[in-house]
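Work through these exercises with the model open beside you. Try each task before you read its solution.

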Amino acid sequence: MTGLPSGIKADRSLETRNAFAVDRDTAGSIVPQAVLYPSRFEDVRKIVAWANETATPLVPVSSTGERRRGDTVPMVEAAVMVDLSGMRRLINADTRDKIAIIEPGVDFGSIDELLRPHGLRAFRPLMPRSGKSVIASYLDREPIVNADVHWDPADPFGGTLIVTGGGEITLNGSAALEGSLTEQLDRGHRHLVTYGPGNVDLTRVLQGAQGTLGIMGWAAIYCERLPQVEESIFVASSNLATVVAAMRDAVHQRICTTAFVVDNIHLAMLLGLNVDQANTLPAWTFFATHAGYVHSPEQKVAWQRAALEVIAKKHGADLCHELGGKSADDLAVTLRDPVPANYRDVEFGAHKELFFLHPLSTAKEIIAAQQKHLSSSDLHNCPVGTYIQPLAQGTFLHVERVMPHAAGDDVDAEWTSLAQISLDAGAYYSRPHGVFRQLAFSRDDGSARRMIAAAKTMLDPNNIMNPNRFDAQEAR
Amino acid sequence: MSAKTDKGRLTLDPEVRIELENILGARNITDDPALMSGYAWNTGVGKIASSDKFAALWPIAVALPATVEEVAAIVKCCKRHGLSFRPHSTGYGSMGCVTSPDSICIDLRRMKHLEILPEDRMAVIGPYATANQLQAEARKHGLTCHVVGAGPSHSPLASATSLIGVGITSQFTSANMRNMLAWEWVTPEGDIIRGGSAASGLGWYASDGPGPGTRGLLRGFFGAGGGLGVFTRIGIKLYPINQKGKMEVIGKVPQLRSKLPPHTALLHAIFPDYEAQRAATFDLLQDDVCTVLLRMPPDHIGWTLTRTNAEFVQRTKDKTLPEPAILDNGASWTILIASRSEAEHRWRSETVRAIVASHNGRFAEMTQEEEEVLYHNLATSQYVPRVLRASGGITTSFGVLDSFHFLPQAIEMGEKVLAKDTAPGGDLCEGSPDEQWIWPHEGRYMWAENIIHFDPTSEASRAAGARALLTHFADQWKRPLGTTGLLVGPIQDVTGPRIGKAPAFARKVKSYFDKDDRSKTKEYVIPNMPPVVEKVLPAFRPIFAFKPVQSVMAKILAKKGM
Ligand SMILES: Cc1cc2nc3c(=O)[nH]c(=O)nc-3n(C[C@H](O)[C@H](O)[C@H](O)COP(=O)(O)OP(=O)(O)OC[C@H]3O[C@@H](n4cnc5c(N)ncnc54)[C@H](O)[C@@H]3O)c2cc1C
């Protein structure tokens with residue numbers, strides 16, 4: 001066992017280390033040698049420098065509570081966990097520019113409270129658990145429900161600070177300025193730009209890297225003004241194509257702050273109903289929220305609602321204020337309500353997930369291919385929910401299938417075959433996790449592997465960051 | 001590649017010619033000087049030119065590939081024979097000219113793929129689909145593309161993959177480094193690499209993954225300017241608009257104009273000062289009230305609203321220029337509101353009017369014709385050609401990216417830099433020192449760029465242009481107004497740690513993919529710089545910021561061109 005870097009809180013107890021050897025989805029067998037708790041980015045730099053000197057693998061983790069997907073479970077011996085969850089500062093927030101700077105330990109359970117005094121709130125994915133780190137979520141390109149302001153997959157990041165695997169501190173985007181962060185903020189800089197400077201965009205490179213390239217020390221994140229008026233509604237139909245078309249038009253016209261489509265099973269999970277009650281819900285629902293922030297908010301929400309009514313009518317969808325005994329406005333509140341548990345596990349105790357990107361124009365076809373497979377497989381009696389999130393303002397979709405099941409059920413093989421069928425039908429696994437971690441690269445013409453190797457060589461030349469997470473990751 | 005022409009230029013080795021002919025067919029490769037002169041012109045459009053009409057460096061040959069495989073084969077051929085190359089899309093400005101005597105120009109004009117996917121609000125394009133063509137096709141579906149400030153004739157692929165990408169409608173059409181989706185790329189070694197969903201053969205919609213967003217190695221803010229191989233196809237995001245079909249054009253060149261579609265308004269708000277404009281801007285950016293916000297210097301609006309320079313001068317003297325073109329009215333926004341319904345339009349118009357009034361602003365009086373000219377210019381991004389008319393030579397400056405907090409300082413700093421030489425008797429184009437183009441991106445942050453007008457036929461004027469450019473950088477070092485967007489080549493290295501590790505990383509990328517520097521450009525990063533030099537260069541900042549040194553450097557640039 002190597003000596004740990006001095007001056008940084010560490011825990012070598014077996015209990016703590018064991019907790020990081022597994023997660024909910026991963027029966028890992030490798031116990032890390034220690035857990036380090038940096039409290040500032042300077043500590044992170046020190047840890048990374050030490051790891052390079054001692055050839056110690058590092059696995060960064062920022063969230064607390066139940067972890068999943070295996071990306072924070074070491075895949076090599078003698079790894080050290082870098083637990084950033086104690087770095088919980090809101091460094092700055094600015095109402096005028098709708099931006100905040102946070103550390104990686106700030107989670108969805110706490111961020112809105114931190115931002116409230118500044119008249120802001122965070123963009124969030126669909127019902128994140130409270131312990132999920134905001135930065136870790138954005139780093140994994142977890143889709144936010146606010147399709148309208150999701151211009152590009154880098155959103156909602158502004159400027160950032162990254163400690164690369166090689167131990168260099170990089171200031172990225174418009175954070176690349178002289179002076180300390182405090183001096184920069186005092187001069188009026190707000191780190192609103194994520195790309196650059198010059199011709200690199202390291203924040204984008206780090207996104208999706210699952211801890212294999214470096215550690216983000218802080219990040220500026222775009223925020224939403226607290227709305228003065230907010231109204232939500234369900235746009236329902238028995239037909240998927242109808243709700244997708246309505247959602248597409250609404251997103252293209254930029255009249256919703258929140259926009260996503262769910263099937264009845266997924267909606268039941270969101271509403272806190274049990275799966276049996278899903279039958280009482282419409283087959284497909286587009287959930288839409290309009291928000292008025294500063295200027296004549298009632299009037300704004302009114303014309304947006306009127307525009308949505310026109311769209312719904314055009315496509316033959318029904319507008320409903322209430323479904324399953326819960327109003328759309330109540331659901332909007334629930335979506336922001338931090339709870340420790342994963343909503344997908346609430347009824348049966350466990351779930352399987354499958355998510356990928358897909359063009360909006362052919363969403364119907366890929367869901368049909370999946371349904372065909374499901375109906376003829378051993379899963380034909382199992383509930384499988386669907387969540388469809390428009391991204392990049394409706395240029396493409398995040399499609400998520402979720403099967404809640406009892407903790408002991410052995411459904412792995414069937415779920416893997418659904419992943420394969422989906423791949424054949426055109427699923428693009430841009431975030432390789434779970435059963436599609438390897439599948440994600442099975443159609444790669446070699447390009448992705450080469451580019452990952454290139455990134456690894458440049459950012460983490462000694463391969464200390466979460467080694468073996470990607471097949472292609474060893475530095476050249 | 002042994003022989004030299006009587007002008008001392010390298011000639012195409014017959015063996016290389018045969019290889020290229022085998023790849024492309026004889027009619028798609030040329031070293032005819034008459035044709036190659038078209039690839040070696042030197043206008044000072046976007047750059048500071050030398051005194052010669054032609055660039056000092058000409059390509060050895062021009063190759064015209066039609067497919068990605070042909071591009072890859074050309075690049076490999078260059079590598080085999082120790083030649084360099086430079087990709088060339090439409091060649092707007094002189095940015096696509098070769099920068100070394102051993103370079104082949106890869107002209108991509110045969111690769112003009114253009115396919116609109118309206119439901120997915122995107123297009124798939126090759127390098128020679130121009131913004132004009134893309135916009136015309138997109139409009140058939142109620143969509144538009146982002147047209148950068150350079151105007152409609154540029155290549156959106158070149159812009160998105162390789163060079164800057166900002167434009168006057170960025171408030172609602174973002175910028176091209178963010179509009180780029182999946183990509184196809186021939187590395188400087190001649191390998192074909194695809195990115196995002198294209199690497200898995202799954203279409204052109206997703207830019208990143210599987211796993212890391214490795215595109216960030218190849219494309220940051222500036223682009224590699226041809227220094228990282230050749231991009232051959234991309235997906236590009238389009239933007240829904242409130243009108244479907246052809247944009248009707250009225251009038252005669254140069255005063256083309258277009259009628260505003262229903263539920264659309266073009267307003268020009270004037271504020272008492274820049275502090276008031278800044279405060280109003282923060283309000284205008286809430287709730288996404290405006291479709292476009294554009295701050296043009298009054299002179300530039302004047303050049304747009306008059307037919308000729310003579311008319312502009314006469315009307316300046318007569319004091320008959322329209323209000324937006326009057327110098328005292330510089331604290332202003334041209335505002336486009338494009339709505340889809342009457343209710344939406346009422347809310348937008350009333351909100352904008354209330355915000356402007358609450359900051360003691362007012363709206364300029366304009367004739368319908370003037371409004372329609374400005375609308376046409378805005379929708380098709382025609383300001384550069386209009387502004388070029390004044391002197392025939394423009395370059396640009398720092399490119400501030402940050403909060404609108406810096407709006408008044410950006411204007412002040414820009415004016416200070418240009419004041420002396422734009423005054424009567426100065427070496428730049430005489431007129432107002434206010435040359436600052438400003439607009440918001442995505443309802444969030446400011447882009448500000450200070451245009452520098454010079455007379456390309458006068459060495460003193462070119463030197464003044466170069467001096468102004470260098471002063472901008474030095475002033476930014478002293479009092480940063482935000483990230484300097486237009487940092488490129490050696491200036492990045494001198495700027496040094498102030499911009500983090502960007503130049504060092506760009507150099508890593510360059511040497512990883514192009515260790516022999518075959519993909520030659522001056523618009524990326526100095527390749528293969530020894531680490532000690534990288535370390536000490538920033539120490540020379542005070543020297544580069546020293547006025548006499550700047551003057552000497554400016555004189556050299558004016559003589560030799562950029
Ligand atoms: C007067 C003027 C004003 C301008 N204003 C703006 C502005 O407001 N905003 C803005 O963003 N830009 C501006 N530009 C720059 C402009 O964006 C680019 O010149 C243009 O977008 C590139 O298109 P192009 O077809 O002319 O490219 P080219 O001139 O052919 O090439 C431009 C650069 O990209 C490289 N390149 C071209 N094609 C490829 C390819 N397929 N693969 C790899 N590298 C390639 C070239 O080698 C060269 O370095 C301006 C330029 C001028 C001259």
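**Exercise 1. How many residue pairs in polar contact does the rule find across the interface of domain 1 of chain A and domain 4 of chain A? Then describe that interface.**

Solution. 

Step 1. Start with the count. The rule finds four residue pairs in polar contact across this interface, both residues at pLDDT 80 or more. Keep in mind that the model is predicted.

Step 2. Look at the residue classes.

Step 3. Look for salt bridges. The rule finds three of them across the interface of these two domains. Take the pair Arg24(A) and Asp345(A): they form a salt bridge, with the closest N and O atoms 3.6 Å apart. A pair counts if the nitrogen and the carboxyl oxygen are within 4 Å, so the Arg24(A) and Asp345(A) pair passes.

Step 4. Turn to area. Domain 1 and domain 4 of chain A bury about 620 Å² between them. Carbon and sulfur atoms account for 32% of it. On the domain 1 side, Arg24(A), Arg68(A) and Arg69(A) lose the most area to domain 4 of chain A, together 80% of what that side buries.

**Exercise 2. Describe the interface of chain A and chain B. Which helix of chain A gives the largest share of the side that touches chain B?**

Solution. 

Step 1. Count residues. Chain A brings 92 residues to the contact and chain B brings 93 residues.

Step 2. Find the area. About 7,900 Å² is buried between chain A and chain B, and carbon and sulfur atoms give 56% of it. In chain A, Trp151(A), Tyr195(A) and Asn199(A) lose the most area to chain B, together 11% of what that side buries.

Step 3. The rule finds 10 salt bridges across the interface of chain A and chain B. One of them joins Lys300(A) and Asp287(B), whose closest N and O atoms are 2.7 Å apart.

Step 4. Trace the elements. Among those of chain A that each supply at least two residues are strand E10 (214–225), helix H9 (297–315) and helix H13 (447–459). The largest share, 11 residues, comes from H13(A).

Step 5. Sort by class. The side of chain A that touches chain B has 43 nonpolar, 28 polar and 21 charged residues.

**Exercise 3. Which residues come nearest to the ligand?**

Solution. 

Step 1. There are 33 residues around the ligand, and Arg86(B), Pro87(B), Ser89(B), Thr90(B) and Gly165(B) come nearest.

Step 2. Check backbone atoms. A backbone N or O atom of Gly165(B) is 2.7 Å from a ligand oxygen atom. For Gly225(B), that distance is 2.7 Å. For a polar backbone atom of Gly149(B), the distance to a ligand oxygen atom is 3.2 Å.

Definitions and conventions: Residues are numbered from 1 along each chain as its sequence is written. Chains are lettered from A and ligands numbered from 1 in the order in which they are written. This is a predicted model: local features need pLDDT of at least 70, side-chain atom pairs count only at pLDDT 80 or more; totals for chains, interfaces and linings use all residues. Side-chain values use heavy atoms; hydrogens and water are left out. Contact means heavy atoms within 4.5 Å. Buried area is the accessible area (1.4 Å probe) that two parts lose on being put together, summed over both. A salt bridge is a side-chain nitrogen of Lys or Arg within 4 Å of a carboxyl oxygen of Asp or Glu. Helices (H or I, at least four residues) and strands (E, at least two) are DSSP runs, numbered from the N terminus. Ala, Val, Leu, Ile, Met, Phe, Trp, Tyr, Cys and Pro count as nonpolar, Asp, Glu, Lys and Arg as charged, and the others, Gly among them, as polar. A residue is near a molecule or strand if one of its heavy atoms lies within 4 Å of it. A polar contact is a pair of N or O atoms within 3.5 Å; within protein, one must be able to donate a hydrogen and the other to accept it, and residues adjacent in sequence count only if both atoms are side-chain atoms.
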